[in-house]
Structure formats: structure tokens, C-alpha cells
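Trainee: I would like to learn how to read helices and strands in a model. Where should we begin?

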Amino acid sequence: MIAALLFEHTYLAWLTLGGLLLAAEMLGGNGYLLWSGIAAVVTGLLAWAIPFSWEWQGVLFAVLTLLAAWLWWQWLSHRVKQQKPADAALNMRGQQLVGRRFQLDNALVNGRGHMRVGDSSWPVSADEDLAAGTRVEVISVEGITLRIKAVSE
């Protein structure tokens, strides 16, 4: 009975599929099923307004899914290119420290040592040995090691 109803009114099958895909997207949340769900709903609405064969409905669904995914990819690529430089260093604590100045608590031996930054201790390296109390600036990050140089104020 339900199968006969769906074969007679294919738009109901597309609307149902679209609803199921959108519901599944809410459970997963990665964005992939969103575009397929929207394409299924649009296909169902078009099949309801302008009845056409199931073959063309399948082609329309495939084209709409690919088009929606491509448009999303284009929008996302454009948005990433416009991202602010400060946002690019998000969750990259070492990169956020480049250009900041600190005072060494401990002397560097053979150009290596540790430096306190807030409540953390960072490994540091310099071209020369530096005494405790020296004012330094972070010039780059190599892995987790901060590269520093002495500065005069």
C-alpha cells in the first residue's frame, strides 16, 4: 500500500528522502548530507509541481546534489582565503607568541633553555648564550621551540 502510494506520487518519496537526509545531517553535523537532503526536497517539490518521469527525477537529484556541493565548496574556499591572519594562528600558541617580548628567568646554556610564558614553560633557543634577566623577543617557532633574540629597550 505504501509502496504503491510512493510509486504513484514519487514526489512523496523525494520529500521523505530529503527529510531523512536532513535528520541524519542533524545527528552527524559534517555538512555532507545537508546538500543531498536539500537536493531531494527540491526534486520532490519540482516533481509535485511539474510531474515528470522518475528517470529525470533521479538525474535532477544527482545534478542538484553535485551543484550544491560545488557551490558550498566554492563559498568555503573563498571564505578561507578571506580569513584574518589572527584567525590563522588560532590554536597555534607558539605562533601567537612571535613578536612578543619576555624576560628570561634562567640563563641559556649553549643557546638552549626554557622560558616562562604565563603559566607555561617553553623550550627556547638562541644564537648565543644569554644571562638570566635578559630581555628577549620571540622571532620564530621551530616545532615547539621558541627561537629568541636579545633586545635592548
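Mentor: With what counts as a helix: a DSSP run of H or I with at least four residues, numbered from the N terminus. The model here is predicted. In it, helix α2 is followed by G29, whose phi is positive, near 80°.

Trainee: What span should helix α2 have, at 1.5 Å a residue?

Mentor: The expected span is 1.5 Å times one less than the number of residues. Helix α2 holds 19 residues, 10-28, so it should span 27 Å, and its end C-alpha atoms are 27 Å apart, which agrees.

Trainee: Which residues of α2 are buried?

Mentor: Buried means under 20% relative accessible area. In α2 that applies to W14, G18, L21 and E25. These residues lie on the same side of α2, because they cover an arc of only 65° around the axis. On the other side of α2, L20, M26 and L27 are exposed.

Trainee: What covers the buried residues of α2?

Mentor: The cover includes α3 (32-49) and α4 (54-81).

Trainee: Now the strands. In which sense do β3 and β5 pair, parallel or antiparallel?

Mentor: Two strands pair if DSSP finds at least two bridges between them. Strand β3 (residues 120-125) and strand β5 (residues 145-150) have two bridges and pair in the parallel sense. V124 stands opposite L146 in β5.

Trainee: How many bridges join β4 to β5?

Mentor: Six, and β4 (residues 135-142) and β5 run antiparallel. Here E137 stands opposite K149 in β5. The two strands β4 and β5 form a hairpin with two residues between them, and G143 in the turn has a positive phi of about 70°.

How values were computed: Residues numbered from 1 in each chain as written. Predicted model: local features only at pLDDT ≥ 70, side-chain atom pairs only at ≥ 80, totals over all residues. Heavy atoms only, no water. Buried < 20%, exposed > 50% of the residue type's maximum accessible area, 1.4 Å probe, protein only. Arc of directions from axis to C-beta. Contact = heavy atoms within 4.5 Å.
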